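The briefing below concerns the structure shown here and is grouped by topic.

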Amino acid sequence: MRPDDHGVERGYDMELHRNRGGLVLPLACVIGGGVLLALPGENALLRRLVAAGAVLLGGGVLVGLLRPFRFVIGADGLTVRRPGLRRTIPWAQVAALALDQPPARNGLPSPPRLLLVPAPGALGDLPVDGRHPVDGRAAVELLDLGRVRERPAEVAAALTRHAGDRFVDTLGAAPAEDRSGDRHRTP
């Protein structure tokens, strides 16, 4: 165990935190739609339909963004709690991990992602949705780093400490102090 900033022992090395920047637009839709629904007026059917649509759409996005999330890198393995995956994955069940940059989508760069290649016979129930960037083995996308506040270099450092030679960083993430302008910077 390692003491945190307050001297409290914790049983993990790094816990990642969800990036909450995406909450503003859906919250504005819910509030704006609610205000439009509350306004009186004649012939307001179209306005009420648009307002109800904004509340439903914004509310649906908010529910998705507020779903439980936990990603911990520790000596015992990875603890993952996100939509579609909720478990602790011991290091013995991990054949390989890769920090990878997927190809650009619609001309826009994609955020880095963390891919897991399960050990033979382990984690057979996980959906294969990627390929290891070095050897092409079937992999599971564990984490989209665009959705967390921590920088790729910080995640790579924690994975290097615990996963050892199972981990490959195809980004070549620079040390955290060299990437101070990175959009994943922790406030």
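A residue counts as buried under 20% relative accessible area, as exposed over 50% and as partly exposed in between (1.4 Å probe, protein chains only). This is a predicted model, in which local features need pLDDT of at least 70 and side-chain atom pairs count only at pLDDT 80 or more, whereas totals for chains, interfaces and linings use all residues. Residues are numbered from 1 along each chain as its sequence is written, and side-chain values use heavy atoms, with hydrogens and water left out. Of the 187 residues of the chain, 35% count as buried.

**Helices and strands**
- The chain holds three helices and 11 strands, taken as DSSP runs (helices H or I, at least four residues; strands E, at least two) and numbered from the N terminus.

**Salt bridges**
- Seven salt bridges are found in the whole structure, each being a side-chain nitrogen of Lys or Arg within 4 Å of a carboxyl oxygen of Asp or Glu.
- Arginine 113 and aspartate 100 form one of them, at 3.3 Å from N to O; arginine 113 lies in strand β8 and aspartate 100 in strand β7 (residues 94–100), so the pair ties together parts 13 residues apart in sequence.
- Arginine 113 counts as buried at 14% relative accessibility, and aspartate 100 counts as buried at 10%.
- Salt bridges with shared partners join Asp100, Arg113 and Glu141 into one network.
- Arginine 87 pairs with aspartate 125, their closest N and O atoms being 2.6 Å apart; arginine 87 is partly exposed at 26% relative accessibility, while aspartate 125 is exposed at 56%.
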